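Have a look at the structure, then try each task before reading its solution.

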Amino acid sequence: DLLAADVTTKRQIKNRLSMQEVGEQIGVSAGTVCRVETKKINLSVETFTKFCAWLEVSPGAYFKTETE
């Protein structure tokens, strides 16, 4: 899952932030960050958008588009 990989990578790049620190920055619990990284959660649109904002990525980047 691309979102999980992106969150893990950015967390490690940003001075090895803890899940607690990331959660505080995003506005979610450390448990939510953990479940995203381990792909054990279905996010609400609101929470997904918060993660995208933290990652500085458009939500659309995580959706495949069909090309003709």
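**Exercise 1: Contacts and fold**

Task: find what share of the contacts with a separation of 6 or more comes from residues 24 or more positions apart.

Solution: Residues 24 or more positions apart supply 50% of those contacts in the protein, where contact means heavy atoms within 4.5 Å. This is a predicted model, in which local features need pLDDT of at least 70, side-chain atom pairs count only at pLDDT 80 or more, and totals for chains, interfaces and linings use all residues. Residues are numbered from 1 along each chain as its sequence is written, and side-chain values use heavy atoms, with hydrogens and water left out. Next, look at the elements: the protein has four helices and zero strands (DSSP runs, H or I of at least four residues for helices and E of at least two for strands, numbered from the N terminus).

**Exercise 2: Thr-47**

Solution: Start with the element: Thr-47 belongs to helix H4. Then check its relative accessible area, which is 17%, so Thr-47 is buried (under 20%; exposed is over 50%, partly exposed in between, with a 1.4 Å probe and protein chains only). Finally, list its partners: beyond the neighbours within four places in sequence, Thr-47 is in contact with Val-28 and Thr-32.

**Exercise 3: Distance and box**

Task: how far apart are the C-alpha atoms of Thr-47 and Val-7?

Solution: Along the chain, the two residues are 40 residues apart. For scale, the C-alpha atoms of the protein fill a box of roughly 45 × 25 × 20 Å along the principal axes.
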